[in-house]
Amino acid sequence: MRIYKFEEIQSWQKAKELTVGVYKNFSDNKDYGFKDQIQRASVSVMNNIAEGFESQTNKMFIRYLYIAKGSCGEVRSMLYLAKEFNYITVEQFEKLSNLSLDATRLISGFIKKLNE
């Protein structure tokens, strides 16, 4: 199946869902440094997928996908802190963490496919 625009990419769609969830769950958080970092990391996931797709070469795309995957890890790491600091509930943690893991799996699968 040929992909014509980055919006069709499942990992981008999942990353967008993660970003929206992060923004919604941290919108009232007063720890502005923390809030800024987790929001920037979540946006980085979807933006790196988009930017890599637009690069038009598989080698560059794969590089951007690895960066997106790293940003997913950063978000998940920060979610553990958010839970420990009681910035989010256990339920919110589980939902956002699962979205991050789903995005990571999709990105990993996409990298594997592009390397074939």
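I'll start with Y87, which counts as partly exposed at 28% relative accessibility. Before going on, note that this is a predicted model.

Y87 belongs to an aromatic cluster that also takes in F26, F34 and F85. The whole structure holds 8 aromatic pairs, and I'll go through two of them.

Take F34 and F85. Their ring centres are 6.4 Å apart and the planes stand at 70°, so this pair is edge-to-face. The cut-off for pairing is 6.5 Å between centres, and planes over 60 degrees apart count as edge-to-face. Where do F34 and F85 lie in the chain? F34 is in helix α2, residues 32–54, while F85 is in the loop between α3 (58–84) and α4 (90–114). The pair therefore ties together parts that are 51 residues apart in sequence.

Are these two residues buried or exposed? F34 has 8% relative accessibility and counts as buried. F85 has a relative accessible area of 43%, so it is partly exposed.

F34 also pairs with Y87. Here the ring centres are 5.2 Å apart, with the planes at 70°, so the F34 and Y87 pair is edge-to-face. Y87 sits in the loop between α3 and α4 and F34 in helix α2, so this contact ties together parts that are 53 residues apart in sequence.

Next, charges over rings. K83 has its charged end over the ring of F93, at 4.2 Å from the ring centre. R63 is placed over the face of Y64, and the distance to the ring centre is 6.0 Å.

Last, the helices on either side of that loop. How do the axes of α3 and α4 cross? They come within 9 Å of each other, and the crossing angle is roughly 165°. Angles over 145 degrees count as roughly antiparallel, and α3 is therefore roughly antiparallel to α4. The crossing of α3 past α4 is left-handed. Sorted by class, the residues in this contact are 17 nonpolar, 5 polar and 3 charged.

To recap: F34, which is buried, makes edge-to-face pairs with F85 and with Y87. Both partners lie in the loop between α3 and α4, and both are partly exposed.

Conventions
Residues are numbered from 1 along each chain as its sequence is written. This is a predicted model: local features need pLDDT of at least 70, side-chain atom pairs count only at pLDDT 80 or more; totals for chains, interfaces and linings use all residues. Side-chain values use heavy atoms; hydrogens and water are left out. Rings of Phe, Tyr and Trp (its six-membered ring) pair if their centres lie within 6.5 Å; planes under 30 degrees apart count as stacked, over 60 as edge-to-face and the rest as tilted. Helices (H or I, at least four residues) and strands (E, at least two) are DSSP runs, numbered from the N terminus. Buried means under 20% relative accessible area, exposed over 50%, partly exposed in between (1.4 Å probe, protein chains only). A charge sits over a ring if NZ of Lys or CZ of Arg is within 6 Å of the ring centre and within 35 degrees of the ring normal. Axes are lines fitted to C-alpha atoms, for helices over the stretch in contact, and angles run from 0 to 180 degrees between N-to-C directions. Angles under 35 degrees count as roughly parallel, over 145 as roughly antiparallel, 65 to 115 as roughly perpendicular and the rest as oblique. A crossing is left-handed if the near helix is turned anticlockwise from the far one by less than a right angle, and right-handed if clockwise. Ala, Val, Leu, Ile, Met, Phe, Trp, Tyr, Cys and Pro count as nonpolar, Asp, Glu, Lys and Arg as charged, and the others, Gly among them, as polar.
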